[in-house]
Amino acid sequence: TIAAASTTQRIINLMLTVRTLAVSLLAGSASTAAFQSSPWVADPTAATTCLHIPRPQQQHHVLRMSEFNNQQQQDEWGALEQFLSQYYPAFVNLVKSNEGMWKAMRESDEYGWTIFAPNNAAFEALGEKKLSQLSDPRNLETNEKIGMYHAIGEVVTAEALFASGGIITVGGEVPVGRSVSGGFFGIGGTEDGGVTINGARVVQSIPIGTGIVHEVDALISPSVLWRYMDQLRIPGSN
């Protein structure tokens, strides 16, 4: 009888122990779930009590990258404007209000851009009459068309120019050739490794951000456009 009672007591003690462990496990799981779901809870792993604040790190990272890309684009256009204003002021006067040209450039962020910037000597060589026509309000449409021939909505390097026979600008197509040195009135000369755009020689090429500026020694727009100067509009245009 004593042995049976002892066995029964052991079974009761064992059942109580199992019950206690089960309650402890359930309480621990509930505590963990509450910690994970609550946005403002005490961090039990900290040496002292503090608030644990879950933060969407990936979302904040995306926002920062978006802001950086926008700032980078703004900085690039700002750097281009400053560069052109400093070294090619006459060209800036021609294209600064050319909305069609700048719109095409800005919409080509994925592919970059190219500008053919005639140097100041190129504008001086035009003479007083043509310079006056470029600033005449009556010639706004023609001047905008001239400016559009000096931009491309993608990057065209000096090497690509050298290998091409022509390019498509915002204004239209212009021929590309090889520059020649020596000879007599263009006859008997030899190629010197340079490039011409509709007869204008590329003097140097300057990369800026995602684009490139080619300095040229003359305007590259078709000379036929000068026929439409001092008129209110180009015949046949919209």
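Modeller: One term to start: contact means heavy atoms within 4.5 Å. This is a predicted model, so local features need pLDDT of at least 70, side-chain atom pairs count only at pLDDT 80 or more, and totals for chains, interfaces and linings use all residues. Residues are numbered from 1 along each chain as its sequence is written, and side-chain values use heavy atoms, with hydrogens and water left out.

Colleague: Got it. What is Ile115 in contact with, leaving aside its neighbours within four places in sequence?
Modeller: Its partners are Leu80, Leu84, Phe91, Met101, Trp102, Met105, His150, Ile212, Val213 and His214.

Colleague: And how many residues are in the largest nonpolar core?
Modeller: That core has 41 residues. Leu80, Leu84, Ile115 and Ile197 have the most contacts inside it. A nonpolar core is a set of buried Ala, Val, Leu, Ile, Met, Phe, Trp, Tyr and Cys residues joined through side-chain atoms within 4.5 Å. Buried means under 20% relative accessible area, exposed over 50%, and partly exposed in between (1.4 Å probe, protein chains only).

Colleague: How much of the chain is buried?
Modeller: Buried residues make up 30% of the 238 residues.

Colleague: How many helices and strands are there?
Modeller: Eight helices and nine strands. Both are DSSP runs, numbered from the N terminus: helices are H or I with at least four residues, strands are E with at least two.

Colleague: Back to His214. Where does it sit, and is it buried or exposed?
Modeller: His214 is in strand S9 (residues 211–216). It counts as buried because its relative accessible area is 0%.

Colleague: What does its side chain reach?
Modeller: The backbone oxygen of Val156, at 2.7 Å. That is a polar contact: a pair of N or O atoms within 3.5 Å; within protein, one must be able to donate a hydrogen and the other to accept it, and residues adjacent in sequence count only if both atoms are side-chain atoms.

Colleague: New topic: H4. Which of its residues are buried?
Modeller: In helix H4 (residues 99–106), Met101, Trp102 and Met105 are buried. They cover an arc of only 90 degrees around the axis, so they are on the same side of H4. The arc is that of the directions from the helix axis to the C-beta atoms.

Colleague: What's on the face turned away from the buried side?
Modeller: The exposed residues Glu99 and Lys103.

Colleague: How many aromatic pairs are in the whole structure?
Modeller: Three. One of them is Phe83 with Tyr87: their ring centres are 5.1 Å apart and their planes at 45 degrees, so the pair is tilted. Rings of Phe, Tyr and Trp (its six-membered ring) pair if their centres lie within 6.5 Å; planes under 30 degrees apart count as stacked, over 60 as edge-to-face and the rest as tilted.

Colleague: Where are Phe83 and Tyr87?
Modeller: Both lie in helix H2 (residues 57–87), four residues apart, about one turn of the helix. Phe83 is buried at 17% relative accessibility, while Tyr87 is partly exposed at 46%. Together with Tyr88 they form one aromatic cluster.

Colleague: What about the phi of Asn198?
Modeller: Asn198 has a positive phi of about 50 degrees although it is not a glycine. Most residues other than glycine have a negative phi. Asn198 lies in the loop between strand S7 (190–197) and strand S8 (200–208).
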